[in-house]
Amino acid sequence: MTATDRSLELINAAAQAAADKLAHDIIAYDVSDVLSITDAFLLASAPSDRQVKSIVDEIEERLNKDLGAKPVRREGDREARWVLLDYVDIVVHVQHSEERVFYALERLWKDCPEIDLPEEAKATRGKAAEHAEATAGEQDGELL
């Protein structure tokens, strides 16, 4: 079994919305063969709680406006460290970069097929590492 056309449409729209809000390391997995509750997961991250919230809001707004989709559940809003949007067909995880490293969801789903995403979303791969290096360099510079 593979993800439905509707699931792929939702995943691509969500990935584009996340990329437009400068999310890092956007990736999607077709989990339909291993989970019966959803077809696909989208993972994205950001270096701050504020940006996590901004990405989530953009995804929710874009999917509602463009595709008429509303999440049946939204969790993690209060602290904005890991927000989950459940659209039944897909589940979107937007995590703070620290949570992304700690929970390593990619490791859990690495055996599932990766879903091809829009070019802007693919271009975000490795951005978290680049941001961490740049931030570490800035902090080192402040200490001198």
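Student: Which residues does Ser97 touch?

Tutor: Leaving aside residues up to four places away in sequence, Ser97 touches His24, Ser45, Ala46 and Pro47; contact means heavy atoms within 4.5 Å. The model is predicted, so local features need pLDDT of at least 70 and side-chain atom pairs pLDDT 80 or more, while totals for chains, interfaces and linings use all residues. Numbering starts from 1 along each chain as its sequence is written, and side-chain values use heavy atoms, with hydrogens and water left out.

Student: What makes Ser97 buried?

Tutor: Its relative accessible area is 18%. Buried means under 20%, exposed over 50%, and partly exposed in between, with a 1.4 Å probe and protein chains only. Ser97 is therefore buried.

Student: Where is Ser97 found?

Tutor: In helix H3; helices are DSSP runs of H or I with at least four residues, strands are runs of E with at least two, and both are numbered from the N terminus.

Student: Which residues line the largest pocket?

Tutor: Ser97 is one of them, and others include Asp25, Ser45, Pro47, His96 and His131. A pocket is an open set of points on a 1 Å grid over the protein atoms alone, with protein on both sides within 12 Å along at least five of seven lines; a cavity is a set where a 1.4 Å probe fits but cannot get out, and lining residues have an atom within 4 Å of a point. Helix H3 (97-103) and helix H6 (127-143) each supply at least two lining residues. The volume of this pocket is about 230 Å³, that is, the space filled by probe spheres set on its points, which are joined across faces, edges and corners.

Student: Why is strand S1 described as largely enclosed by the rest of the structure?

Tutor: Seven of the seven residues of S1 (residues 24-30) are buried, so the description holds.

Student: How do you know that S1 pairs with strand S2?

Tutor: Pairing requires at least two DSSP bridges, and five join S1 to S2 (residues 40-46), running antiparallel. Tyr29 has Phe41 in S2 as its bridge partner.

Student: How many helices and strands does the chain have?

Tutor: Six helices and five strands. The radius of gyration is 15 Å, close to the 15 Å of the globule rule for 144 residues, so the chain is as compact as a globular protein of that length. The radius is taken over C-alpha atoms, and the rule is 2.2 Å times the number of residues to the power 0.38.
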